[in-house]
Amino acid sequence: MTHPDTAQDDLTTAPFTFTEHQQRFATDVRAFADSIAPGYAERAVSEEFFWEIHREIASRGWLGVTLPRELGGMGEPAVTAGLLMENIGSADFNVGLSIFAGICNSGLLGQFATERVRDEWLPAVLSGERLVGFALTEPGAGSDARGIQTRAERTADGWRLNGSKTSSGLAAIGDASIVFARTGDGPNDISVFLVPFDARGVTPGRIPSRGGKPIGRGTVEMEDVVVPEDHLLGEIGTGFSMIAKTFDYTRSLLGLLGYGVATTALRMATDFAVERKTFGQPLYHHQGVSFVVAEELARLEAVRWLAYRALALRDAGLPHTKEAAMVKWLGPRTAFDAVREAVILHGHRGYSDLLPLQQMLLDLEGLEIGDGTPQIQKLIIAREVFGAAKRDATQQ
Ligand SMILES: Cc1cc2nc3c(=O)[nH]c(=O)nc-3n(C[C@H](O)[C@H](O)[C@H](O)COP(=O)(O)OP(=O)(O)OC[C@H]3O[C@@H](n4cnc5c(N)ncnc54)[C@H](O)[C@@H]3O)c2cc1C
């Protein structure tokens with residue numbers, strides 16, 4: 001019998017160290033992040049998109065950090081993108097999400113769009129002129145993505161799409177979405193299309209939320225929307241393999257985004273613990289305070305290196321589905337818990353809007369759900385662990 005694939009059995013390694021180039025890159029990103037950090041709380045409660053910051057980021061090439069150079073990207077490994085997310089996350093969660101969308105969607109366009117669509121859209125996304133979202137979730141199908149009902153049918157010269165998408169990042173402010181639609185009745189008959197929002201029959205909308213406001217998460221209604229034949233991304237029926245490969249990458253990036261947020265909250269808490277005195281002592285003299293900081297930092301550090309391990313495995317071309325799911329489950333949760341402790345350590349101040357900690361909690365709650373909930377990550381981990389045993393059982 002094959003044993004389940006537990007961590008003890010896993011001796012897979014990928015060469016990993018931050019190169020000097022990556023360390024310089026992280027320092028540059030950190031300097032930029034520090035310059036935008038003071039505006040985070042104000043931007044987070046506004047529905048205005050931060051175009052100026054976005055274009056500055058685009059001009060530095062960061063929206064295409066892992067895109068091959070021949071497509072206009074920086075051609076960096078996935079680990080470098082992790083450094084970008086971690087450092088921007090320490091300053092502004094939503095700016096991190098907009099970079100994340102740029103990385104993810106420029107990657108899909110670069111790899112799967114036809115030459116004409118790629119030439120039209122990719123430079124505009126990379127230069128920060130246009131925003132393209134990712135529309136998989138529907139009112140009737142989220143975790144169970146195979147249940148999507150949006151349909152794409154062939155016409156004489158293209159595709160006609162009908163259906164409703166929801167909870168799609170950038171929907172309310174963007175220019176197009178990468179839309180997953182059913183092109184047959186089988187469970188895997190899902191294909192992917194670029195749907196420009198100026199096509200007739202598309203109605204994008206905003207979902208009111210207290211987190212993620214500036215990135216305009218919303219709905220995309222499609223009624224008899226016709227897109228040209230060349231707006232199909234990849235081959236017909238390959239939507240699910242595209243989703244799986246994308247999520248294996250993006251889940252680690254999101255884990256590091258959350259890590260960045262939490263490190264800022266803990267830095268605020270440690271500064272406060274040095275300045276604030278109670279019972280004649282700085283707060284950090286009380287073990288009840290210093291141990292909380294020690295515990296949260298230890299947990300965050302573990303998540304951070306799990307995320308880089310998943311990214312390094314990806315860069316080495318090794319399987320990393322399980323590790324990415326672990327990061328996506330544990331990362332946002334650990335970050336949320338750390339920020340919550342930072343709130344408590346700040347006393348009443350932490351509960352107020354005078355500090356950004358409550359906003360961070362809202363942002364991290366969204367991070368736990370987007371790109372797959374904790375339960376779905378555990379289903380993936382369990383499938384990876386018990387897959388071999390299950391295969392054995394079915395062969396007997
Ligand atoms: C901030 C944010 C950003 C997002 N961005 C995007 C985006 O850009 N594009 C996009 O397409 N979607 C996006 N989403 C949507 C997100 O991917 C879905 O919300 C998520 O996949 C869950 O789907 P659902 O909300 O329909 O919940 P449901 O699938 O209805 O699940 C409800 C609850 O039941 C649990 N559950 C479901 N099935 C099982 C099971 N088999 N076992 C155990 N528990 C289960 C879930 O974990 C969840 O807790 C975003 C969501 C958020 C909050």
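User: How many salt bridges does the count come to?

Analyst: Heads-up: this is a predicted model, where local features need pLDDT of at least 70 and side-chain atom pairs count only at pLDDT 80 or more, while totals for chains, interfaces and linings use all residues. Residues are numbered from 1 along each chain as its sequence is written, and side-chain values use heavy atoms, leaving out hydrogens and water. A salt bridge here is a side-chain nitrogen of Lys or Arg within 4 Å of a carboxyl oxygen of Asp or Glu. Go by that rule and the count is 16.

User: Are R304 and E86, which meet in a salt bridge, buried or exposed?

Analyst: Their side chains meet at 2.8 Å, N to O. The pair links distant parts of the chain, 218 residues apart: R304 sits in helix α8 (residues 287–315) and E86 in helix α4 (residues 78–89). Helices here are DSSP runs of H or I, at least four residues, numbered from the N terminus. As for accessibility (buried is under 20% relative accessible area, exposed over 50%, partly exposed in between, with a 1.4 Å probe and protein chains only), both R304 and E86 are buried.

User: Which helix holds both E296 and R299?

Analyst: These two side chains also form a salt bridge, at 3.1 Å from N to O. E296 is buried at 3% relative accessible area, but R299 is partly exposed at 44%. They lie three residues apart, about one turn of the helix, and that helix is α8.

Notes
Helix = DSSP H or I, 4+ residues; strand = E, 2+ residues; numbered from the N terminus.
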